[in-house]
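Let's take a friendly walk through a protein model together. Have a look at the picture below before reading on.

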Amino acid sequence: MPSTATPARPLAERLSQPLVRWLRHPLVDNVVRLSAIEEALQLLRPTASLTEVRARVLAVRDETPDTRTWLLQPNALWRGHQAGQHVTVRTVRNGRRVQRPYSLSSAPDDGPLAITVKRQPGGLVSNHLHDALRVGDVVALGAAEGDFVLPAVPPARLALLSAGSGITPVMALLRALRRLGHAGAVDFVHVCRTPQDLIFGDELRALASGCPELPGLRVHLHFSASAGRWTPAELAAAVPDWAGRPTWLCGPAAFMDAVDAHWAAHGARAPLRRERFAPAWTPPQPLEAPVIVQAQRAGRRFASTGATSLLQQAEQAGLAPKHGCRIGICRSCQCVKRSGTVQNLQTGALSSEPNELIRLCVSAARSDLTLDL
C-alpha cells in the first residue's frame, strides 16, 4: 500500500555518510577535497557519488510533439518515492548547473523512474532537456518531495482531475492504483486542447477500453479545441457524486482556481488535494520607502522596494543566490533570516522571528533585513 512514512535511508547512504563527514573535517579537507574525490569517481563511473543521487537516462519516449518522458536509473543513494511526488532535476547547460522540479510520472516499484516534461516557450531547463538529454547521459536528482500522494488505504471512490501537463503526477497516482489492483470507483477527468496534445494518450485509451486491475475506472477526456472550454460544472455530468469524492487536482493555475472556486461555491465535503507548479499569490504592494537588505556572507547591501520577491531583488542587485523552481516548491533558495520582517507571498503572513529559515523566492521584504546570504 502507499505509505506516507519517510523512506528508510539506503544502505549506500548509511555507509557513505561517515566517510563524507571525515572528508569534510578541516584537517582532512586541507589534504584532499571531497569535490576532487567526487570528480574522480565520476570519471570512473558517471553515476558514482558519495553525496548525491545521480541517474542515467535509459530511454527517451515522445509523448506528444512537445512532451517527452525520460526513463532514469538512479544510483544506490536513491531513497525511493511515492506516486504523485516531484523531484528536482539538476543538469549542466552551457557550463552552468541548472535545476527545476518535475513530477515523477512513474509509480513506485514499477521499473525505472520516469519524468515527463513539456517543452515551455523560453523555458531554461525544459528546452535544454528536450534539446540535449539523450540515452546514456546522467543527471543529478534531489530527494522526492511533496504530499500530493495517496493515503495508505485509498478511498473506495475517488476522482483524478487534470489539465495539460498537470497530468504527470496524476498519471503516477493512476499507475499506482493499477499496481495495487484498486477495486473501487476511479474517475479520471483530463482536459487538453486536441487528441494530439494528450500526454500518455495510448496508455489512457487502452485503460479506457478496459483494465482488469482497475475494474471501476472510467476515463473522461475533454478536447477544448472541438468541445469548447471545459468548466467545473461539467463535473456533475461526468462524475455525478463528485462532491463526495476525495479528488486529486493538477493543472494550469486558471484551471485549478476555477475548480477551487467550484468546490467552495457548492460546499463540497470531500477533500480536494492540489499540486501547483505556478505561483499562487498576488504580487505584494511596494513599500512607502525602500528598505536595506544586508547579505552577510556576500558582504553586500541592496535596497528593496518590497514589490517583488527577495530572490528577484537579490539577482537585480548582482547577487546569484542558489535557486531552482522559483515558486516555493524545491526549497533550493532557503536561507536564514537573521533579523527583520518578511511577508510570505503564498500566505500573506508576516514574520519577524530572528534566525528564521525563509525561501527567497516566496518572501518579500517588509523592513530592513539581515540575511545569511
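This is a predicted model: local features need pLDDT of at least 70, side-chain atom pairs count only at pLDDT 80 or more; totals for chains, interfaces and linings use all residues.

## The surface

## The overall build

Next, the chain as a whole. It has 373 residues, and 48% of them count as buried. Its secondary structure comes to ten helices and 19 strands.

The contacts tell us about the fold too. Take the contacts between residues at least 6 apart in sequence: 64% of these join residues at least 24 apart.

Most residues other than glycine have a negative phi.

Asp-109 has a phi near 55°, a positive value in a residue that is not glycine. You can find Asp-109 in the loop between strand S4 (96-103) and strand S5 (113-118). Phe-200 also has a positive phi, near 65°, and is likewise not a glycine. Look for Phe-200 in the loop that runs between strand S8 (185-192) and helix H6 (201-208).

## Buried or exposed?

Is Asp-109 buried or exposed? Asp-109 counts as exposed because its relative accessible area is 68%, and the cut-off for exposed is over 50%.

What about Phe-200: buried or exposed? Phe-200 has a relative accessibility of 3%. Buried means under 20%, so Phe-200 counts as buried.

Definitions and conventions
Residues are numbered from 1 along each chain as its sequence is written. Side-chain values use heavy atoms; hydrogens and water are left out. Helices (H or I, at least four residues) and strands (E, at least two) are DSSP runs, numbered from the N terminus. Buried means under 20% relative accessible area, exposed over 50%, partly exposed in between (1.4 Å probe, protein chains only). Contact means heavy atoms within 4.5 Å.
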